[in-house]
Amino acid sequence: MTVSNDPSWDDLLASQPATTDTRTATDGLDASASADRAKRTRRRRRRAVLVSALVLVAALGIGTAGIFFTFEDRIRSVLGWEGPIDYEGEGTGEVVVTITSGQVGGDIATLLAEQDVVMTYKAFYSLLLQNPEVTFQPGNYALRTQMSARAALDALQNPANRVELSIGFNEGLSIDQVLESLSDSSGIPLTELEAAAADPTVYGVGAEAPSLEGYLFPARYTLDPSVDAASILQTLVDRTFESLDAAGVAPEDRHRILTIAALIQREAGSNPDDFYKVSRVIQNRLETGMPLQMDSTAHYGYAWRYGERLDQSVFSTQAELDDDNAYNTYQIQGLPLGPIGAAGDLAIDAAVNPADGNWLFFVTVNLDTGETAFTATGEEHNAAVRRLQAWCEETKSPNCA
């Protein structure tokens, strides 16, 4: 027994003899009319073959419907039964379509047809040929299914239909707070972000950094909605490196500058001038061998060591002051192990360019206005501390607790 494949539709048509027209203009006939007659002749013969084939299949009872639907497009074309190629109206439902950089009109027509935004590639691409001035911007677009080609094109040209992910956070937050904010704004589970942040070196951060603390830049970002946890973190780290590069910080100095900048960000308050003065106090103390003795590091180190949530109060507890950890500058000499929060551009610039001055102390004397006294001697500093105590007694401010 010999088994052969069923003849394809193309094979069936190809088996018919080709029509050859040997007449030329010298025969007194118009060449164009001759060509048209030849086309009509071929069309009639193909239709005859098609009808004969379907009649034969029907007579034999061999899957007529299956054959029709398999070759439906070609059958309709041959018989002149071509149906609609375009939907009507604005469509229904919702679908997000992603246009990537480098895609051209044909790619987008294919994409829309595959996602049933438009009925056919031909409907959308034909419209593009009629509108050669149309351009597309990469991004995600909220469209509908079964839209007319015109409605789909108009929707892709409307910026209001772009779908974007907006994330951001403020300066001074610790990495735990940053990751929580990113999870809330992106919808990515916190556990995924924490897992992605486990190894700082993956993102180009130096091995001296114990974590991504301080390396996630505080700003507002607009991202692709399909972005994953690692991509978000890489974007934020890259933005930090951009700020350091702009400030003239060499790669080998990044960790030191970010550590200083984070101290400035936490200690300086909202007055821009104080950023540069706090930076000078840090530099003066480091140069003279004095411990930094900053409450912000006592808070952070205690929370870091015991896995507690960071305390943002002004004053340290005795337990925080006494705890011997790698961040507590009441107990260690020099800078802490690493940054204690997210520093912005101003703090980074202040870390690189401290103000001129001989100050060794500072204390905020009005917690409402942020007024801060910078002093050079212990006696002057103690007088400033008494001003703060008096303010707290007078106002009964809860910030003094």
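**Rings, helices and confidence in a predicted model**

Me: Which ring does Arg285 lie over?
Reply: Arg285 lies over the face of Phe361, at 5.0 Å from the ring centre. A charge counts as sitting over a ring if NZ of Lys or CZ of Arg is within 6 Å of the ring centre and within 35 degrees of the ring normal.

Me: And Arg254, what does that lie over?
Reply: Arg254 is over the face of Phe241, 4.0 Å from the ring centre.

Me: What sort of model is this, and how are residues numbered?
Reply: This is a predicted model, where local features need pLDDT of at least 70, side-chain atom pairs count only at pLDDT 80 or more, and totals for chains, interfaces and linings use all residues. Numbering starts from 1 along each chain as its sequence is written, and side-chain values use heavy atoms, with hydrogens and water left out.

Me: What pLDDT does the protein chain average?
Reply: The average is 84, and 79% of the residues score at least 70; pLDDT is the predictor's confidence in each residue, from 0 to 100. Over residues 1-36 the pLDDT is below 50, and that stretch has 20 contacts in the model beyond near neighbours in sequence. A contact is a pair of heavy atoms within 4.5 Å.

Me: Switching topic: how many aromatic pairs are there?
Reply: The count is seven. Rings of Phe, Tyr and Trp (its six-membered ring) pair if their centres lie within 6.5 Å; planes under 30 degrees apart are stacked, over 60 edge-to-face, and the rest tilted.

Me: What about Phe124 and Phe136: how far apart are the centres?
Reply: They are 6.5 Å apart with planes at 40 degrees, so the pair is tilted. Phe124 is in helix α6 (residues 121-130) and Phe136 in the loop between α6 and β2 (139-145), so the pair ties together parts 12 residues apart in sequence. Helices (H or I, at least four residues) and strands (E, at least two) are DSSP runs, numbered from the N terminus.

Me: Is Phe124 buried or exposed?
Reply: Buried, with a relative accessible area of 0%. Phe136 is buried too, at 18%. The cut-offs are under 20% relative accessible area for buried, over 50% for exposed, and partly exposed in between (1.4 Å probe, protein chains only).

Me: And what kind of pair do Trp304 and Tyr327 make?
Reply: Their centres are 4.9 Å apart and the planes sit at 70 degrees, so that pair is edge-to-face. Trp304 is partly exposed at 43%, whereas Tyr327 is buried at 1%.

Me: What do the buried residues of α8 pack against?
Reply: They pack against β4 (165-168), α9 (190-196) and α10 (229-246). Among those buried are Ile175, Val178 and Leu182. Gly187 follows α8, with a positive phi near 85 degrees.

Me: How many residues of α7 are buried?
Reply: Six of the eight in helix α7 (residues 149-156), so to speak mostly covered. They include Ala149, Leu153 and Leu156, and what covers them includes β1 (92-99), α5 (105-114), α6 and β2.
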